[in-house]
Amino acid sequence: MSDDSRPSPSGARTAAVIPAAGRGVRLGPGAPKALRALNGTPMLIHAVRAMAASRAVSLVVVVAPPDGAAEVKTLLDAHALPERTDFLVVPGGDSRQESVRIGLDALPPGIDIVLVHDAARPLVPVDTVDAVIEAVRDGAPAVVPALPLADTVKQVEPAGVAGEPEPVVATPERARLRAVQTPQGFDRDTLVRAHETVTENVTDDASMVEQLGLRVVVVPGHEEAFKVTRPLDLVLAEAVLARRRLNDGF
């Protein structure tokens with residue numbers, strides 16, 4: 001483990017919080033989604049390595065299932081992780097929002113930038129992580145990586161009965177829409193204030209900052225930072241890893 005007091009190259013120190021307390025019901029019964037194996041390694045380990053791959057990240061906090069912190073700590077200890085990065089496991093809460101807040105509370109003094117990353121996005125490239133951090137360093141209180149939409153999007157009136165046809169209400173202009181990914185990056189004080197004051201209409205951490213009336217900016221995301229939520233996503237993730245092994249020669 002590295003000395004947690006060392007500064008990052010810019011002087012602003014960065015930590016990543018990974019909420020991993022969810023069950024992942026869309027992937028079916030069994031282990032929590034974050035602990036599902038991807039190419040023989042739990043998704044959570046891939047996600048932790050993705051954050052630690054950035055030289056700016058000095059600490060990764062994993063927020064584990066409330067009754068699974070010891071299991072997750074053992075898991076991290078059993079896998080090779082960068083020695084220059086520190087790792088901390090804390091038990092989470094009943095919701096993602098509560099788990100992120102617990103992760104924030106666990107951060108030591110001296111952390112200026114906080115990344116919040118989905119454990120279910122195990123393959124985000126380090127260039128995307130670094131781009132988010134750089135945008136926060138440049139003064140944005142909140143930063144999200146995002147991709148343009150490939151599909152036309154329809155706004156509908158939800159059916160009162162499941163399976164019934166749903167009427168289209170509007171067709172939003174696709175050029176103004178983005179599909180948001182993680183890690184989302186924040187000025188630490190801003191994110192702490194958001195979690196202290198915003199409790200309604202929470203879809204992600206950036207939306208909480210939006211509700212404070214502060215500026216949230218978008219940087220380019222990456223197609224490999226997709227969220228693994230369905231069995232088909234696991235197939236795609238395995239294919240991405242196979243291509244990386246081929247390109248990297250291992």
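Close-up 1. The model is predicted: local features need pLDDT of at least 70, side-chain atom pairs count only at pLDDT 80 or more, and totals for chains, interfaces and linings use all residues. Residues are numbered from 1 along each chain as its sequence is written, and side-chain values use heavy atoms, with hydrogens and water left out. R96 forms a salt bridge with D205, and the closest N and O atoms are 2.9 Å apart; the term denotes a side-chain nitrogen of Lys or Arg within 4 Å of a carboxyl oxygen of Asp or Glu. The two residues are 109 residues apart, R96 in helix α3 and D205 in helix α6 (residues 205-211), and the pair thus links distant parts of the chain. Helices (H or I, at least four residues) and strands (E, at least two) are DSSP runs, numbered from the N terminus. D205 is buried, at 2% relative accessibility. A network of salt bridges links R96, D118, R121 and D205, and the structure holds 9 salt bridges.

**Close-up 2. The salt bridge between R101 and D105 in helix α3.** The side chains of R101 and D105 meet at 3.0 Å, N to O. Because R101 and D105 are 4 residues apart in helix α3, about one helical turn separates them. R101 is partly exposed, with a relative accessible area of 34%, whereas D105 is exposed, at 56%.

**Close-up 3. The salt bridge between R243 and E224.** In this pair the closest N and O atoms are 2.0 Å apart. R243 is partly exposed, at 42% relative accessibility, while E224 is buried, with a relative accessible area of 10%.

**Close-up 4. The crossing of helices α3 and α5.** The axes of α3 (residues 96-105) and α5 (residues 188-197) come within 11 Å and cross at roughly 135 degrees. Axes are lines fitted to C-alpha atoms, for helices over the stretch in contact, and angles run from 0 to 180 degrees between N-to-C directions. The helices are therefore oblique to each other, a class that remains after roughly parallel (under 35 degrees), roughly antiparallel (over 145) and roughly perpendicular (65 to 115). Q97, V100, R101 and L104 in α3 meet R188, L191, V192 and H195 in α5, where contact means heavy atoms within 4.5 Å. The residues of this contact comprise 4 nonpolar, 2 polar and 2 charged; Ala, Val, Leu, Ile, Met, Phe, Trp, Tyr, Cys and Pro count as nonpolar, Asp, Glu, Lys and Arg as charged, and the others, Gly among them, as polar.

Close-up 5. Most residues other than glycine have a negative phi, and most peptide bonds are trans. The peptide bond from T182 to P183 is cis, with omega near 10 degrees, and P183 lies in the loop between β10 (178-180) and β11 (184-187). N39, a residue other than glycine, has a positive phi near 55 degrees. N39 is placed in the loop between β2 (37-38) and β3 (41-42) and is partly exposed, with a relative accessible area of 37%.

Key:
Buried < 20%, exposed > 50% of the residue type's maximum accessible area, 1.4 Å probe, protein only.
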